[in-house]
Amino acid sequence: MKIMISPAKQMKTEDPGFEPRGVPIFEQEAGKLIRHLKSMSKDGLGKALKIEGRLLEESFRLYGRIDLDNGTRYAALPLFKGIQYSYMAGDVFTDGEYDYLEEHLRILSALYGVLRPFDGIMPYRLEMTSAIAPDGCGNLYGFWSDKVSRSLGEELIVDLASREYSALVRPYSGNRRIVGVRFYEQGRNSLVEKGVHVKMLRGMLVRFMATNRITTAEGIKDFSPPGFFFNKGLSGSNEIVFTGRWGFTSPASG
């Protein structure tokens, strides 16, 4: 089984203190993208990444100094900084849980394609929707094509990624089973997904899977974050649905 998640837009600026265990699978492709980004003017980079001001200045300096051959690398999972990663609490996993993540967790990436949790990477800013077209590919989806999907093998895939990133894999799924996990809350007229809460719950689910060494889709159904429950009626063979209300605890549950 492979669990695929999205990266965070932000990365830590200090050393997270974890030793990298290897290099990304698509190191050569990442180098090609970095050379393309390095060749851009500051204005061109800003338009491509849809950023300006301080964020553009920082990103332009970052790509100016990034060096895959000689630069300092950091383990990927602890380097990402975002809601999902905070609720995963990746700095307090046990050794056994880290081994589980190394085997099963994959972080999808616009720059690196796919990352194992402790692949050594350099900080970057790039999203799948960024307007760059290396090698005349049209966009980053064209650049990566089916490479990322093929790298995940023929196993069951648990999709905890955003649509932006799962589009690297789902169009090329073939006969593989991909199981999505959804978290719905009651809106005014219908069930809705609340983005911030979904990110929190995805992080908590990764931690639950690592703690309990989950290797089947069935095992995910035992996940029981506060206020949510597995909804058998809304679930199907390729989608596991939880419904509830964030942070709600019923009197019966104490």
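Colleague: Is G31 buried or exposed?

Modeller: G31 is buried, with a relative accessible area of 8%. Keep in mind that this is a predicted model.

Colleague: Which helix is G31 found in?

Modeller: Helix 1, which covers residues 27–38.

Colleague: Moving on to helix packing. At what angle do helix 6 and helix 10 pack?

Modeller: The angle is about 110°, and the axes are 8 Å apart. Helix 6 is residues 95–104 and helix 10 is residues 195–212.

Colleague: Roughly parallel or roughly perpendicular, then?

Modeller: Roughly perpendicular, because angles of 65 to 115 degrees count that way. The crossing of helix 6 and helix 10 is right-handed.

Colleague: Which residues meet there?

Modeller: From helix 6, E97, Y100 and L101. They meet V206, R207, M209, A210 and T211 of helix 10. By class, the residues of this contact are 5 nonpolar, 1 polar and 2 charged.

Colleague: Staying with helix 10, how many residues does it have, and what length does it reach?

Modeller: Helix 10 has 18 residues and reaches 26 Å from its first C-alpha to its last. That is close to the 26 Å expected at 1.5 Å a residue.

Colleague: Which residues in helix 10 are buried?

Modeller: H197, V198, M200, L201, R202, G203, L205, V206, R207, F208, M209 and A210. Among them, V206, R207, M209 and A210 also take part in the contact with helix 6.

Colleague: What follows helix 10?

Modeller: R213 follows helix 10, and its phi is positive, near 50°.

Colleague: What about K50, what is its phi?

Modeller: K50 has a positive phi of about 60°, although it is not a glycine. K50 sits in the loop between helix 2 and helix 3.

Colleague: Buried or exposed?

Modeller: K50 counts as exposed, at 57% relative accessibility.

Colleague: Where is S145?

Modeller: S145 is in the loop between helix 7 (140–144) and helix 8 (147–151). At 28% relative accessibility, S145 counts as partly exposed.

Colleague: Changing topic to strands. Which strand is V158 found in?

Modeller: Strand 8, residues 157–160. V158 counts as buried, at 0% relative accessibility.

Colleague: What is V158 in contact with, leaving aside its neighbours within four places in sequence?

Modeller: V158 is in contact with M1, K2, I3, M4, V179, V181 and I220. M88 is 70 residues from V158 along the chain, and their C-alpha atoms are separated by 16 Å.

Colleague: And R106, where is that found?

Modeller: R106 is in strand 5, residues 105–109.

Colleague: It's an arginine, so is it buried or exposed?

Modeller: R106 counts as buried, at 11% relative accessibility.

Colleague: Which residues is R106 in contact with, again leaving aside those within four places in sequence?

Modeller: K2, I3, M4, I5, L101, V114, L115, R116, P117 and L152. One of these, L101, is also in the contact of helix 6 with helix 10. K2, I3 and M4 are in contact with V158 as well.

Colleague: How far apart are the C-alpha atoms of R106 and V92?

Modeller: They are separated by 19 Å, and R106 and V92 are 14 residues apart along the chain.

Colleague: Last one. Where is D222 found?

Modeller: In the loop between helix 11 (217–220) and strand 11 (228–230). D222 counts as exposed, at 57% relative accessibility. The C-alpha atoms of D222 and H104 are separated by 18 Å, with the two residues 118 apart along the chain.

Conventions: Residues are numbered from 1 along each chain as its sequence is written. This is a predicted model: local features need pLDDT of at least 70, side-chain atom pairs count only at pLDDT 80 or more; totals for chains, interfaces and linings use all residues. Side-chain values use heavy atoms; hydrogens and water are left out. Axes are lines fitted to C-alpha atoms, for helices over the stretch in contact, and angles run from 0 to 180 degrees between N-to-C directions. Helices (H or I, at least four residues) and strands (E, at least two) are DSSP runs, numbered from the N terminus. Angles under 35 degrees count as roughly parallel, over 145 as roughly antiparallel, 65 to 115 as roughly perpendicular and the rest as oblique. A crossing is left-handed if the near helix is turned anticlockwise from the far one by less than a right angle, and right-handed if clockwise. Contact means heavy atoms within 4.5 Å. Ala, Val, Leu, Ile, Met, Phe, Trp, Tyr, Cys and Pro count as nonpolar, Asp, Glu, Lys and Arg as charged, and the others, Gly among them, as polar. Buried means under 20% relative accessible area, exposed over 50%, partly exposed in between (1.4 Å probe, protein chains only). The expected span of a helix is 1.5 Å times one less than its number of residues.
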